[in-house]
Amino acid sequence: MSVTNTSGRRKTAVARIYLKEGNGAITVNGKDHKVYFPTLPLQYIVNQSFEVAELVGQYDVQVNVAGGGIKGQAEAVRLAIAKAIVELDAEKKSALRAKGLMTRDMRMVERKKPGRKKARKKFQFSKR
């Protein structure tokens, strides 16, 4: 039984996954994904690639994820799973791409500029 490993990124979150045939267990950093991602929308994001590819319950996933917030981590896991599915079966790529699951979301936080309070916020100006 072969193991497919890929990575996915979103903002500053990086997810490395190991996908192998199994019964649908998803382990994130040593915990069940329902414990690590406690809300239903986050659980849906993690499982979305399997649902679009119609492979729910056929693969076990072991995930190492670090950095960013919990939503960015969930989206990084989703991208990594989609990339692993395409590695196993290239015919699923068109369905995954149609739902936007194959594209890395490149948006990052804009850096703070010198002389300002935040990235774009300027100090208040009053003419007296």
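This is a predicted model: local features need pLDDT of at least 70, side-chain atom pairs count only at pLDDT 80 or more; totals for chains, interfaces and linings use all residues.

Colleague: Okay, how many residues does helix H2 have?

Modeller: Helix H2 covers residues 40-53, which is 14 residues. From its first C-alpha to its last it reaches 20 Å, close to the 20 Å expected at 1.5 Å a residue. That expected span is 1.5 Å times one less than the number of residues. As for the names, helices (H or I, at least four residues) and strands (E, at least two) are DSSP runs, numbered from the N terminus.

Colleague: And where does H2 bend?

Modeller: At Asn 47, by about 50°. The bend is the angle between axes fitted to the seven residues ending there and the seven starting there.

Colleague: Which residues of H2 are buried?

Modeller: They are Leu 42, Gln 43, Ile 45, Val 46, Gln 48, Ser 49, Phe 50 and Ala 53. Buried means under 20% relative accessible area, exposed means over 50%, and partly exposed is in between (1.4 Å probe, protein chains only). The buried residues of H2 pack against several elements, among them strand S2 (13-21), strand S5 (59-66) and helix H4 (93-98).

Colleague: Switching topic: which residues have the most contacts inside the largest nonpolar core?

Modeller: Phe 37, Phe 50, Val 61 and Val 63, in a core of 30 residues. The largest share of this core, nine residues, comes from H3. A nonpolar core here is a set of buried Ala, Val, Leu, Ile, Met, Phe, Trp, Tyr and Cys residues joined through side-chain atoms within 4.5 Å.

Colleague: What is Val 63 in contact with?

Modeller: Leaving aside neighbours within four places in sequence, its contacts include Ala 15, Ile 17, Ile 26, Val 28 and Val 77. Contact means heavy atoms within 4.5 Å.

Colleague: Now the charged ones. How many salt bridges are there?

Modeller: A search of the whole structure finds six. A salt bridge is a side-chain nitrogen of Lys or Arg within 4 Å of a carboxyl oxygen of Asp or Glu. One of them joins Glu 75 and Arg 10, with the closest N and O atoms 2.8 Å apart. Glu 75 is in helix H3 and Arg 10 in strand S1 (residues 4-10), so this pair ties together parts that are 65 residues apart in sequence.

Colleague: Is Glu 75 buried or exposed?

Modeller: Buried, because its relative accessibility is 13%. Arg 10 is buried too.

Colleague: Which residues are linked in a network of salt bridges?

Modeller: Arg 10, Lys 71, Glu 75, Asp 105 and Arg 107. Asp 105 and Arg 107 meet at 2.8 Å, N to O. Arg 107 is exposed, at 57% relative accessible area, while Asp 105 is partly exposed at 23%.

Technical notes: Residues are numbered from 1 along each chain as its sequence is written. Side-chain values use heavy atoms; hydrogens and water are left out.
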